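Subject: Structure handover

Hello,

Here is the structure we talked about, followed by some notes on what turned up in it. Please look through it before you read on.

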Amino acid sequence: DIVWPTLALRCLASTQTVVTQEEFQRAFDSEYGPKVKALMIVVSSREKAEWLAKTLQSKPDDFAQLAKEHSEDPTTASAYGVIPPIRMHLGDPNLEKIAFSLREDEISPVFQVANQYLLLKCEKQIPRTYISSQQLPQIEEQLKSQISEHKMRVESAELFQQLQSQTQIVKVFGDQ
């Protein structure tokens, strides 16, 4: 009941999914491009973020401990501010811009993402991953397949919504 309609929608949507060179390049940069290993403090008040930034000016080595004690994000607080490496084209563009502009051991100014205020400390700038010419065709095929699969899911959901809105139900069973 679920598999056949899903396959049919994907088949219909597959004619509309084409991976562009720009989409491929963004995915490639995200996966194999440079990354930033960083610590992060997340708070909901600008005043608290400014106070933390001022405290860190005199004691930058206390970043991890302050993250543990003051970060309002339970995941980063429990890990002393450690987050997965920040990659290109995956999150907030402002966060990425700030992260990639930092030098090692440099602390960012306070900045806002959504309704939260963040501080980052760059631990290391990780250079892009070297890809040999022998690996490139396989990687290109894999990334294009992932992009196409994602686009197909989105297109099939939109197609389903469109078909659902155009459908007119006619009651036959039980109608004398």
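Which side-chain oxygen reaches the backbone nitrogen of Asn-94 at the start of H6? That oxygen belongs to Asp-92, and it comes to within 3.1 Å of the nitrogen. Please keep in mind that this is a predicted model.

Helix H6 spans residues 93-101, and Leu-95, Glu-96, Ile-98 and Ala-99 in this helix are buried. These residues lie on the same side of H6, because they cover an arc of only 165° around the axis. The face turned away from that buried side carries Pro-93, Lys-97 and Ser-101, which are exposed. Among the elements that cover the buried residues of H6 are strand S1 (35-43), strand S2 (86-87), strand S3 (111-113) and strand S4 (116-126).

Next, the aromatic residues. The structure holds 2 aromatic pairs. Phe-24 and Phe-28 make a tilted pair, with 6.0 Å centre to centre and 35° between the planes. In the pair of Phe-28 and Tyr-32, the ring centres are 5.3 Å apart and the planes stand at 40°, so this pair is tilted too.

Phe-24 and Phe-28 both lie in helix H2 (residues 21-32), 4 residues apart, or about one turn of the helix. Phe-28 and Tyr-32 are also separated by about one helical turn, because they are 4 residues apart in H2. Phe-24 and Phe-28 are buried, and Tyr-32 is buried as well.

Two lysines sit over rings: Lys-144 lies over the face of Phe-24, at 5.6 Å from the ring centre, and Lys-68 lies over the face of Tyr-80, at 5.5 Å from the ring centre.

Regards

Definitions and conventions. Residues are numbered from 1 along each chain as its sequence is written. This is a predicted model: local features need pLDDT of at least 70, side-chain atom pairs count only at pLDDT 80 or more; totals for chains, interfaces and linings use all residues. Side-chain values use heavy atoms; hydrogens and water are left out. Buried means under 20% relative accessible area, exposed over 50%, partly exposed in between (1.4 Å probe, protein chains only). Helices (H or I, at least four residues) and strands (E, at least two) are DSSP runs, numbered from the N terminus. The arc is that of the directions from the helix axis to the C-beta atoms. Contact means heavy atoms within 4.5 Å. A polar contact is a pair of N or O atoms within 3.5 Å; within protein, one must be able to donate a hydrogen and the other to accept it, and residues adjacent in sequence count only if both atoms are side-chain atoms. Rings of Phe, Tyr and Trp (its six-membered ring) pair if their centres lie within 6.5 Å; planes under 30 degrees apart count as stacked, over 60 as edge-to-face and the rest as tilted. A charge sits over a ring if NZ of Lys or CZ of Arg is within 6 Å of the ring centre and within 35 degrees of the ring normal.
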